[in-house]
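Q: Can you walk me through this one? I'd like the sheet, a couple of helices and some side chains.

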Amino acid sequence: MKRKKIVAGNWKMNMDLETAAAWLSKVGEEMEQANCDVILFPSFVLLPDMMDLYEGEKLTFGAQNCSQHEGGAYTGEVSASQLVSIGVDYVLIGHSERREHCGETNDMLQQKIKLALQEGLTPVFCCGEPLSVRNSGSQKEYVHKQLEESLFGFTAAQISEVIIAYEPIWAIGTGLNASPEQAQEMHLFIRSSIAAKYTDKIAAEMPLLYGGSCKPDNASAIFSCRDVDGGLIGGASLKADDFLKIVAQAN
Ligand code: PGA
């Protein structure tokens, strides 16, 4: 993977076909001017329509999750190969909301990443610590364990296809963002951990996104940190104007 600036919108369980189409008609037109890669993560049900409605080249699409199983009798699940069959390029793996509400463990996430890679989907692996861990000062150990248990079983060739999003849980949807210094410190730590486990080259080329209350008024300061390659945007991605303002700051 080539290191690049990326702004990704994680819509979570928001939007319906009408509001999503209205958002796309606004954002879609502006996309050709974007100086970064832009990925949109809508709900599964919206993906096919969004992909059909968008006529440009710039915006790419991802799913918010995939199953850890290849296929078969898993009611309500969506497999990596099904996503690929409709032209999806990316998949979020291990968002903290899925870890918390759906009981996703580091082991399960490793399995999901394996299947995603096998199918040619690019995993965006989410990691990050809760507030109690941040307050105790052990956030690096916590994140390292997440990387170790979900990522470090992969080969160098496989890991080169992964994007990591650092999302401190205390900053998600809370309005509290990590300061640029806090983001940079953790991103550097993640990059160094990848370098120590794999190679300097793989670490230097891996895109590392920041997520957690990233908004038009703080995006530029966060994106200008040396080891921050863009953002995974939740709440602020729902408003077309705010999302476009954030995209414009990732040059
Ligand atoms: P937020 O969410 O921007 O609303 O904090 C980020 C995320 O959960 O990906």
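A: One term to begin with: contact means heavy atoms within 4.5 Å. This is a predicted model, where local features need pLDDT of at least 70 and side-chain atom pairs count only at pLDDT 80 or more, while totals for chains, interfaces and linings use all residues. Residues are numbered from 1 along each chain as its sequence is written, and side-chain values use heavy atoms, with hydrogens and water left out.

Q: OK, Arg 191 then. What is it in contact with, leaving aside neighbours within four places in sequence?
A: Arg 191 is in contact with Arg 3, Ala 203, Ala 204, Met 206, Leu 208, Asp 227 and Asp 229. Arg 191 is placed in helix H9, residues 180-197. Helices (H or I, at least four residues) and strands (E, at least two) are DSSP runs, numbered from the N terminus.

Q: Is Arg 191 buried or exposed?
A: Buried, because its relative accessibility is 7%. The cut-offs are under 20% relative accessible area for buried and over 50% for exposed, with partly exposed in between (1.4 Å probe, protein chains only).

Q: Which side chain does Arg 191 make a polar contact with?
A: That of Asp 229, at 2.8 Å. The Arg 191 side chain also reaches the backbone oxygen of Met 206, at 2.8 Å. A polar contact is a pair of N or O atoms within 3.5 Å; within protein, one must be able to donate a hydrogen and the other to accept it, and residues adjacent in sequence count only if both atoms are side-chain atoms.

Q: Switching to the sheet. How many strands are in the barrel?
A: Eight, closed, in the order E1-E2-E3-E4-E5-E6-E7-E8, with parallel pairing. Neighbouring strands are turned by 25° against each other on average, direction ignored. Axes are lines fitted to C-alpha atoms, for helices over the stretch in contact, and angles run from 0 to 180 degrees between N-to-C directions. Two strands pair if DSSP finds at least two bridges between them.

Q: How many bridges join E1 to E8?
A: Four, between strand E1 (residues 6-10) and E8, running parallel. Ala 8 has Leu 232 as its bridge partner in E8. Strand E7 (residues 208-211) is joined to E8 by two bridges, also parallel. There, Gly 211 stands opposite Leu 232.

Q: Which way do the E8 residues point?
A: Gly 230 and Leu 232 point one way from strand E8 (residues 230-233), Gly 231 and Ile 233 the other way, and all are buried. In a regular strand, side chains alternate between the two faces of the sheet.

Q: And E2 with E3, how many bridges?
A: Three, in the parallel sense, between E2 (residues 37-41) and E3 (residues 59-63). Leu 40 has Phe 61 as its bridge partner in E3. As for helices on the sheet, H7 packs there, touching E5 and strand E6 (163-166), and its direction makes about 145° with that of E5.

Q: Now H1. Where is the kink?
A: Centred on Leu 24, about 25°. The bend at a residue is the angle between axes fitted to the seven residues ending there and the seven starting there. At the start of H1, a side-chain oxygen of Asp 16 comes to within 3.1 Å of the backbone nitrogen of Glu 18.

Q: What do the buried residues of H1 pack against?
A: E2, helix H2 (47-53), E3 and helix H12 (240-248). Those buried residues are Ala 20, Trp 23, Leu 24, Val 27 and Gly 28.

Q: What about H5, which residues are buried?
A: Asn 106, Leu 109, Lys 112, Ile 113, Leu 115, Ala 116 and Leu 117. Their packing partners include helix H3 (80-85), strand E4 (90-93) and helix H4 (96-101). H5 is followed by Gly 120, with a positive phi near 90°.

Q: Which side chain does Lys 112 join in a polar contact?
A: Asn 65, at 2.7 Å. Asn 65 lies in the loop between E3 and H3, and counts as buried at 8% relative accessibility.
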